[in-house]
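Subject: A structure to look through

Dear colleague,

I am handing over a structure that I would like you to read slowly, with the sequence beside it.

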Amino acid sequence: MNIVWTVVTAAALIALTVVDAQSVLTVCMNSCSQAVNAALGLCGVYCLWLGIFEVANRCKLVEKLSGCFRRLNKFLYGNISEVAQRYISLNLASNLLGVGNAATPSAIAAIRETEHTDKLSRSGAMLFVVNATSVQLIPSTVMGLRAQLGSASPSDILLPNLIATAVTSVVGAALVFCAYGRAK
Amino acid sequence: MNYVVPALLIAVLVAGLIKRVNVYDSFVLGARKSFDLSLTVFPYLAAIFVMVNALHASGLDAYVTKLLAPPFRLLGIPDEVVQLVLLRPFSGSGSLAILTDVYNNYGVDSYVGRCASVIMGSSETVFYVASVYFAGTKVRHTGWAIPIALFCNLLGAVVACLLCRIM
């Protein structure tokens, strides 16, 4: 992350200085205020979902959900704590339902539970790859945009999308198995 | 589809009532954590946004897009969506803007439009997700996680273009 960010940002800033030196500061400042707005927006989203998660947790709903995914979690992540399993189950359920906003806070909570060193563990890598390949049954944002722009059938892309995400998720998980071995 | 979230919310609240949980207090307790969480995420967001916006404002992204169009054509990815494939790992709002451009310029139901839709739906903002996920942890070395995720995004784009051609 360190090298990627530094090299790309430096290259972009050099190019921008050559093209239009005056806009460098404006672009940087605007980006930072954009980050403030985004963080506040996320705060609101997390607020709702973390609140609802806590209620679901007290009702022992999360425990049941975690029970449903137990075998899959064991296969993908190996031996991880009960708490981490619950967050991962919440994350998977949110992804499958297409509630991407709810998937992020649960994934963060799970990662905090599994990672204790400065090197990313196998289960952390798996969780990241599963989320980065976006296991998702219904791409609601894309379909909404298509409908809005007058598509004849916005849901036309549903099947190809499902196949494409299935392929990437399976390949992603398989690559994690290749790189890190079987779950312990 | 519009009923998933409302149904979820109502179901959790009703379950709370049935199980006699103090729903109000639990909600407040959970919601309180969100402020800390967004504070830890915030500086990482700022770093990502500076990079993405500088890349876009300098025109470097358009240059790289032009450069990479021929190899992507070999993979079956049409020129019109190359920019989407390249920007997608970095920025969600940026790639949504490109998707809208593709829809407006080539038509929502055109081959290119459908390709772009599936690419958008089956890929994820890898770098953005990485910065947010690892924000509150000690993790500095992410090993294979990011390369694997990027490869899957590219594979998703190839599969998407292939599927849109035959379906």
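What covers the buried residues of helix 7 of chain B includes helix 6 (100–114) and helix 7 (122–132) of chain A, together with helix 2, helix 5 and helix 8 of chain B. Here a residue is buried if 20 or more other C-beta atoms lie within 10 Å of its own, exposed if 12 or fewer, and partly exposed in between, with C-beta atoms placed from the backbone. Helices (H or I, at least four residues) and strands (E, at least two) are DSSP runs, numbered from the N terminus. In helix 7 of chain B the buried residues are B:V126, B:F127, B:Y128, B:V129, B:A130, B:V132 and B:Y133; because 7 of its 8 residues are buried, this helix is largely enclosed by the rest of the structure.

Please keep in mind that this is a predicted model, in which local features need pLDDT of at least 70 and side-chain atom pairs count only at pLDDT 80 or more, while totals for chains, interfaces and linings use all residues. Residues are numbered from 1 along each chain as its sequence is written, and chains are lettered from A and ligands numbered from 1 in the order in which they are written. The pLDDT is the predictor's confidence in each residue, from 0 to 100, and chain B averages 90, with 99% of the residues scoring at least 70. Within chain B, confidence is lowest in helix 7, at a mean of 88, and highest in helix 8, at 93. For the complex, the predictor gives an ipTM of 0.88 and a pTM of 0.89.

Chain A has 9 helices and 0 strands, and of its 184 residues, 47% count as buried. Helix 2 (residues 23–58) and helix 6 of chain A pack at an angle of about 70 degrees, with their axes 9 Å apart; the axes are lines fitted to C-alpha atoms, for helices over the stretch in contact, and angles run from 0 to 180 degrees between N-to-C directions. These two helices of chain A are therefore roughly perpendicular to each other, where angles under 35 degrees count as roughly parallel, over 145 as roughly antiparallel, 65 to 115 as roughly perpendicular and the rest as oblique.

Where do the two chains meet? The contact takes 74 residues from chain B and 82 residues from chain A, two residues being in contact if their C-beta atoms, placed from the backbone, lie within 7 Å. Helix 2 of chain B gives the most to the side of chain B that touches chain A, with 23 residues. By class, that side of chain B has 48 nonpolar, 19 polar and 7 charged residues; Ala, Val, Leu, Ile, Met, Phe, Trp, Tyr, Cys and Pro count as nonpolar, Asp, Glu, Lys and Arg as charged, and the others, Gly among them, as polar.

The largest nonpolar core has 108 residues, and those with the most contacts inside it are A:V129, B:L84, B:I119 and B:A160. Such a core is a set of buried Ala, Val, Leu, Ile, Met, Phe, Trp, Tyr and Cys residues joined through C-beta atoms within 7 Å. Leaving aside its neighbours within four places in sequence, A:V129 is in contact with A:G172, A:A173, A:V176, B:A145, B:I148 and B:A149. By contrast, A:C68, in helix 3 (residues 61–68) of chain A, is exposed, with 12 other C-beta atoms within 10 Å.

With best wishes
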